[in-house]
Amino acid sequence: MNGDISRSTFDADRAYSSVREQQGRLRTDADHNEQVDILLHDERTARGDVIGASGAPYDDPGMAISSTGASLRIGAGRYYVDGIRCENRPSGAAFVELTAQPSLPEATLPTVAGVYIAYLDVWERPITALQDPSIREVALGGADTTTRTQVVWQVKLLPIAAPGPNPSCASAFPEWSKLLAGTSGTLAARLTPGGVTTDPCLVPEAAGYRGVENQLYRVQVHDIHPSDGPRWKWSRDNGAIVASVLAHPSADRVVVDRLGPGGANGFDLGAYVELTDDHDDLLHRAGRLGRVVDVEERVRLALDLDGAYAFHADRHPQARGWSEAGAQPVKSGWLALEDGVEVQFTGDVRPGDAWLIPARTAILPGTLDR
């Protein structure tokens, strides 16, 4: 998830059961976050052991799908997926229309008759004070504090091309198997190997991290271009430079506030910017990319955009900074970021696939983090 964090340290394979404070020691965000992740992992694993991969209360199951002939409805109540609690809480109603789900904007019913699998897609979305202003303590005068993670559930329909006779939930469908397989994309990271020289009078360049600041690099697949294929972007600060978009006065200009890490100060001339909103986040949709060509009145950004930008004030529009976001095509071999950091993609990457790479100045040459 995006956020102004130093690194993410939780690893289930280590079997840690808690994080313990020591007197007089420094405390980092990673320590607190790892404790939260340990407890969450323990709780959800226990739920999965008791409930199974999915399930609902026996006497009051939630998410029941019903049809009126012209529409599909999702019943109120709770359902568990991999230990994650999902709850449909329609205000004063026993159901919500499939096309009016709270976390699936732009949902529509199929226009082609056929066999469809109705399934529950569950994931967690990072939330900041830009999406939910109540997170911010106004008494602090606008200072940024913590973030949240929000459970998102979405009922979706998967079309089945050749269901065969008498299809049921026990039938095998290639479309479902492909969906469950997920992404096979992986990313390797390294520091540029040191130079080699046969001249005894020359000292080869060291292969250590050459940056002067500690960074948390984020490498993310942006989209699938019709001709270029997968395209990627990266940030040296986990994509944490973000501000609210308050207005869109002209085709190439947006007005941002000064909230969030960096705020308007994080968008210098030549900086890459991605414009997104709630719909883009919930639909896993890439935003509109651009570069800052001018900064006017400290909060008005003149952008060189890669296409038209649709501004919707009610969807919490945001401008997120990226260190390099020309959405470069994914190529084979090692690709350079900066200061000796290189990455290599393998497998079938998909939009939204992301990896974090901690880089520290006080580490051994040839390593990124230890």
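1. Let's start with a word you'll need throughout: a residue is buried when its relative accessible area is under 20%, exposed when that area is over 50%, and partly exposed in between (1.4 Å probe, protein chains only). Val255 has 17% relative accessibility, so it counts as buried. You'll find Val255 in strand 13 (residues 253–256); strands (E, at least two residues) and helices (H or I, at least four) are DSSP runs, numbered from the N terminus.

2. A quick note on what you're looking at: this is a predicted model, where local features need pLDDT of at least 70 and side-chain atom pairs count only at pLDDT 80 or more, while totals for chains, interfaces and linings use all residues. Residues are numbered from 1 along each chain as its sequence is written, and side-chain values use heavy atoms, with hydrogens and water left out.

3. Now the whole chain. The protein chain has three helices and 21 strands, and its C-alpha trace spans about 80 × 50 × 50 Å along the principal axes. Of its 370 residues, 36% count as buried. The protein chain exposes about 21,000 Å², with carbon and sulfur atoms supplying 51% of that; accessible areas come from the Shrake-Rupley method with a 1.4 Å probe, and for residues only the protein chains shown count as cover.

4. Contact here means heavy atoms within 4.5 Å. Take the contacts in the protein chain between residues at least 6 apart in sequence: 63% of them join residues at least 24 apart.

5. Back to Val255. Setting aside neighbours within four places in sequence, Val255 is in contact with Ser244, Val245, Leu246, Ala247, Pro249, Val299 and Arg300. Val255 and Ser244 sit 11 residues apart along the chain, and their C-alpha atoms are separated by 8.4 Å.

6. Next, have a look at His279, in helix 3 (residues 278–282). His279 has 16% relative accessibility, so it counts as buried. Not counting residues up to four places away in sequence, His279 touches Pro105, Glu106, Arg285 and Arg315. With Glu106 there is also a side-chain to side-chain polar contact, at 2.9 Å. (A polar contact is a pair of N or O atoms within 3.5 Å; within protein, one must be able to donate a hydrogen and the other to accept it, and residues adjacent in sequence count only if both atoms are side-chain atoms.)

7. With a relative accessible area of 46%, Glu106 is partly exposed. Most residues other than glycine have a negative phi. Glu106 isn't a glycine, yet has a positive phi of about 65 degrees.

8. Asp339 also has a positive phi, about 50 degrees, although it is not a glycine. Asp339 lies in the loop between strand 19 (335–336) and strand 20 (341–346), and is partly exposed, with a relative accessible area of 30%.

9. How many of the eight residues of helix 2 are buried? Zero, so helix 2 (residues 174–181) lies largely in the open. Just after helix 2, Gly182 takes a positive phi of about 65 degrees.
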